[in-house]
Each structure stands twice: as structure tokens, then as C-alpha cells.
Amino acid sequence: MGQEWLKIKLIATAICLPCFAFAQDAVEVAEPNDAQAIFVQTYVVPESNGTSTRQFFGQIAALETVEISFEVGGYLTEIEAQEGSRVSAGTPMAALDLAPFERAVERAELALAQAERAKMRAAELASRNVGSDVLAQDAETARDLADVALREAREALADAQIAAPFDGLIADRIATPFSTIQPGQPILRIHNMSEIRVEFDLPERVLSQIGDLSAIRFEGVLANSDTPIDLSFREFRAETGRVGQSYTVSLAADTEQSPFLLPGRTIVVSASVETAQDTIAVPATAIATRPDGSQVVVIVQETENDGLIARYQPVEVTSTNGTTFQVRGLAPSSEIVRIGAHLIDEDVQLKRFVGLTVEGI
């Protein structure tokens, strides 16, 4: 019985040894294939075009906005200005009752004629030594005063009518007809549309880095439009806003490209400035800092068996605004890890993450 049990045990051992050897070989062969590849989101570095572009939100504005008023008071009888309508320079817009001003001109004309006669009579008497020279001089002064009064009466008559001072857009009609108007009381608000302006706020930090605003190329794009509008730098307000440290920059828009631009309309302004040709902009998450303080990006390199492996590429990092980063030492069209470069070791296996699906499935 003992010998039979020993035979069975030897036979079982002989059967298990090849199986164990086969299993051990399978583990050794499968070991490198079971290494877990890291799924990463990749980014192909674009060709450097030598420009850096930033976008700002701005508004369409008129060259200036003026409140129109009469220099004299009177009864408003006419106001021909519809809100939102465009007017040309010299177009009549409002008028007071002209009768009182016309009568004032007539009185001034009669007073001047009377003063002329008095002057001539006093001068003749003085020449005959009948009248004094002082009386002749007083008569001449009275004539000059009458002349001044006539000019003032004629100017008041002209001021009782208002014409458009420039090509503009009626923004608001403040006064209404058949009301008494005081001198200087606003009756109309009009936008000067001879040049369309675009205004936006530029942070102090960005302005100090750019320096000369005239060297920047500006373009604007309106909402629901893909056609860019050329913008030219005009001026900037040399004082910061109360809330944020920013300066208001004013640009001139090309009205031929978009002739109907209303003040207050929003516009996206793109500012492009020349940058060094040897730098390439990359996402901040693609840059990793090594323990020795150097910066690298992780290049996704293909292997001979169509796999992907991580390689470190040392780079020199610069930034002009703290949010956009440029690197030197990286070739254009390189494929790099976009997010989480600091978590990836060199020479590890990678796979591209393409959303809800991954390669190989």
C-alpha cells in the first residue's frame, strides 16, 4: 500500500512540474506586455508665426458726444431731430420763436440810424465852434454802442436756430416743442460720428510690458460676424480706473468695412504684437520643473513596435504676462503632453487619451 501511494505521488509530481515550468515561462513572457501605459492628452506644437495675440472686450464709441443747447432763451417752436437718425453738418434741427429776436434787430437798426444822425450833427456843430468837442465825442461813442447792440441782436437771432455742428447721430431728444427754454438748457444729445472709436480697458501690467501701443496691430470682430475690422491706435486715457488698475485705450475703426456701427455695441478686440521668432507658445500645464530647477516638456515619441514613450526635452521658459508661456529649445510640430507633465517620468509607456474612447479598444 505504501509503495502504491509513493508511485501515485511521483506520477503527480511529474505531471505538475512541466505545468509549473510552462506557467513560469508564461509569466516571464507576459511581464513586459502587462506594464500599465499612462493615458495622456497630447498637443502638437504649432509653427511659430512670430506674433503674440491677446483678446479684449470693448465697446463702440463716438468720437465725442455733445449736448446741444441754445445760447439764448425763448419759446421752442421747432425740433426736427428723431432719435437714432443721422444728420449731416449744417442740417437745421431746432428753432425758437423768431419774432421777438427779429423785433430786437429792428430796434437795434433804428437806434443805430438815430445814433448816426446825432453823431453827424454833433460833429458839424463842433466844427463851427457852436458845440463842444466833448459832445461830438459822446455822440460818436453812442453811435458805436448802437452798432454793438445791433450786432448782438443779430447774433441772438442766429442763436435762436440750431444746426448740426458735425455729421452725427441723434442719441437723445431732451426737450419738447412748445416749451420755454432757458439759455444753456440741453435740448439734444448728439454723437459725433465723423470717426468711430473702439474703447477697451488694458491692464496696467500689460501696458507696461508692451510699451509703445502704436506698434501693435489691432483688429475687431463684432458679435455674429466673422469679418475682422481694422483698428488704428488713437489715444489712451492716462489715468487708471477706480476699480481695477487699467487704462482705457481708444482705437479708430475703419467705417468702410462696417459702415453702421452704433455706440455701445460690444466688440472683441485682438491685439497682436511681434515676438521673438525662436520662441513657441505652449500651455502652462505642459511645462514641468525638475528637482534641479530646470524646466522640461514631455515629448511623446513613437517606438519601433508602434508604441509611445515619454522623453524629456529641456526648454527655456519666458513669459510676458504671467499667463502665456513661451519656450525655447522645442522644435515646431513636436507632440508633447498637454496636461500633467510633472507627473510623468521619462521612458514610461504612454497612450493617447482621445476622450471617452482610447486607442486599441
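**Salt bridges, strands and cores**

Trainee: How many salt bridges does the structure hold?

Mentor: There are 13 of them. Bear in mind that this is a predicted model, where local features need pLDDT of at least 70 and side-chain atom pairs count only at pLDDT 80 or more, while totals for chains, interfaces and linings use all residues. Residues are numbered from 1 along each chain as its sequence is written, and side-chain values use heavy atoms, with hydrogens and water left out.

Trainee: What makes Glu-116 and Arg-143 a salt bridge?

Mentor: The term asks for a side-chain nitrogen of Lys or Arg within 4 Å of a carboxyl oxygen of Asp or Glu. Here the closest N and O atoms are 2.5 Å apart, so the pair passes. It also links distant parts of the chain, with Glu-116 in helix α2 (residues 99–127) and Arg-143 in helix α3 (residues 133–159), 27 residues apart.

Trainee: Why is Glu-116 called partly exposed?

Mentor: Buried means under 20% relative accessible area, exposed means over 50%, and partly exposed is what lies in between (1.4 Å probe, protein chains only). Glu-116 has 26%, so it falls in the middle class.

Trainee: How do you know that Arg-311 and Asp-347 meet in a salt bridge?

Mentor: Their N to O distance is 1.8 Å, so it is within the cut-off. Arg-311 sits in strand β18 (residues 308–319), and Asp-347 in the loop between β20 (335–337) and β21 (349–352), 36 residues apart. With 29% for Arg-311 and 43% for Asp-347, each counts as partly exposed.

Trainee: Which residues are linked in a network of salt bridges?

Mentor: Glu-195, Arg-197, Arg-234 and Glu-235. Within it, Arg-234 and Glu-195 meet at 3.3 Å, N to O. Arg-234 belongs to strand β12 (residues 229–236) and Glu-195 to strand β10 (residues 186–203), 39 residues apart. Arg-234, at 40%, is partly exposed too.

Trainee: What makes β7 and β9 edge strands?

Mentor: They're in an open sheet of four strands, ordered β7-β6-β4-β9, with antiparallel pairing. β7 (161–163) and β9 (179–181) each have a single partner strand, so one side of each has no neighbour in the sheet.

Trainee: Why do β4 and β6 count as paired?

Mentor: Strands pair if DSSP finds at least two bridges between them. β4 (residues 74–79) and β6 (residues 92–96) have three, in the antiparallel sense, so they qualify. As an example, Leu-76 has Leu-96 in β6 as its bridge partner.

Trainee: What makes a group of residues a nonpolar core?

Mentor: Its members are buried Ala, Val, Leu, Ile, Met, Phe, Trp, Tyr and Cys residues, joined through side-chain atoms within 4.5 Å. The largest one has 25 residues, and those with the most contacts inside it include Val-198, Phe-200 and Leu-202. Elements that give two or more residues to it include β3 (51–69), β10, α4 (204–210) and β12. β10 supplies the largest share, five residues. Apart from this core lies another, of 22 residues, among them Val-87, Ile-170, Ile-187 and Leu-188.

Trainee: Which residues does Leu-202 touch?

Mentor: Not counting residues up to four places away in sequence, they are Phe-56, Leu-207, Leu-213, Ser-246, Tyr-247 and Val-249. A contact means heavy atoms within 4.5 Å.
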